[in-house]
Amino acid sequence: MKLETFSYLPPMTEEEVRKQVEHILAQGLIPAIEYTARPRATLVYWTMWDLPMVDVCDADAVMAELAACRAAHPDCYIKVVGYDRKRQCQVVSFVAYRPEQAQ
């Protein structure tokens, strides 16, 4: 299933996910993590893992939360979202991890 632009590429490595997270932080966006077991093109609301990371400034903290979400939900698709503080909206998102059977 193709969910977004990066889904047409091979699955991302940890380093590639980290670079995307670093880019989100460098843009001044607020990172958040969302997950779902059954993605669909019409499913715009995924379950949020914890709260958006408003005070997070380094990629290590986001990567740790991603690892925790992945450990808790190994059968789910997990994406990283970047929210813009000024526009009060989501401006970037990508699927960081897919379940093993979906790869």
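Helices (H or I, at least four residues) and strands (E, at least two) are taken here as DSSP runs, numbered from the N terminus. On that basis the secondary structure of the protein comes to two helices and four strands, which follow one another along the sequence in the pattern α-β-β-α-β-β. The radius of gyration, taken over C-alpha atoms, is compared with a globule rule of 2.2 Å times the number of residues to the power 0.38. It is 13 Å for the protein, close to the 13 Å that the rule gives for 103 residues, so the protein is as compact as a globular protein of that length.

The model is predicted, and local features need pLDDT of at least 70, while side-chain atom pairs count only at pLDDT 80 or more and totals for chains, interfaces and linings use all residues. Residues are numbered from 1 along each chain as its sequence is written, and side-chain values use heavy atoms, with hydrogens and water left out.

**Overall dimensions and surface**

- The C-alpha trace of the protein spans about 35 × 25 × 25 Å along its principal axes.
- Of the 103 residues, 38% count as buried, where buried means under 20% relative accessible area, exposed means over 50%, and partly exposed lies in between (1.4 Å probe, protein chains only).
- The accessible surface, computed by the Shrake-Rupley method with a 1.4 Å probe, comes to about 6400 Å², and 53% of it belongs to carbon and sulfur atoms.
- With contact defined as heavy atoms within 4.5 Å, 58% of the contacts between residues at least 6 apart in sequence join residues at least 24 apart.

**Charges and salt bridges**

- Counting Lys and Arg as positive and Asp and Glu as negative, with His and the chain ends not counted, the protein has 11 positive and 14 negative side chains.
- The place of each charge is taken as NZ of Lys, CZ of Arg, CG of Asp or CD of Glu, and the centres of the two sets lie 8 Å apart.
- Side chains of opposite charge can pair when their charged atoms come close.
- A salt bridge is defined as a side-chain nitrogen of Lys or Arg within 4 Å of a carboxyl oxygen of Asp or Glu, and by this rule the count comes to five.
- One of these pairs joins K19 to E15, with the closest N and O atoms 3.8 Å apart; both residues lie in helix α1 (residues 14–26), four residues apart, or about one turn of the helix.
- Both partners of that pair are partly exposed, K19 with a relative accessible area of 48% and E15 with 44%.
- The side chains of R18 and D60 also meet in a salt bridge, at 2.8 Å from N to O, and this pair links distant parts of the chain, since R18 is in helix α1 and D60 is in helix α2 (residues 59–72), 42 residues apart.
- R18 is itself partly exposed, with a relative accessible area of 22%.
- A further salt bridge is formed by D84 and R87, whose closest N and O atoms are 3.3 Å apart; D84 counts as buried at 17% relative accessibility, whereas R87 counts as exposed at 57%.

**Backbone at two loop positions**

- D50, found in the loop between β2 (47–49) and α2, has a phi near 60°, a positive value in a residue other than glycine, and it counts as exposed at 54% relative accessibility.
- Q88, placed in the loop between β3 (77–84) and β4 (89–97), has a positive phi of about 60° although it is not a glycine, and it counts as exposed at 67% relative accessibility.

**Strand β4 and the segment after it**

- A96 is placed in strand β4 and counts as buried at 7% relative accessibility.
- Not counting residues up to four places away in sequence, A96 touches V17, L66, I78, K79 and V80.
- The C-alpha atoms of A96 and V80 are separated by 6.5 Å, with the two residues 16 apart along the chain.
- R98 lies in the segment after β4 and counts as buried at 18% relative accessibility.
- The C-alpha atom of R98 is separated by 12 Å from that of A71, 27 residues away along the chain.

**A separation from helix α1**

- E16, found in helix α1, is partly exposed with a relative accessible area of 40%.
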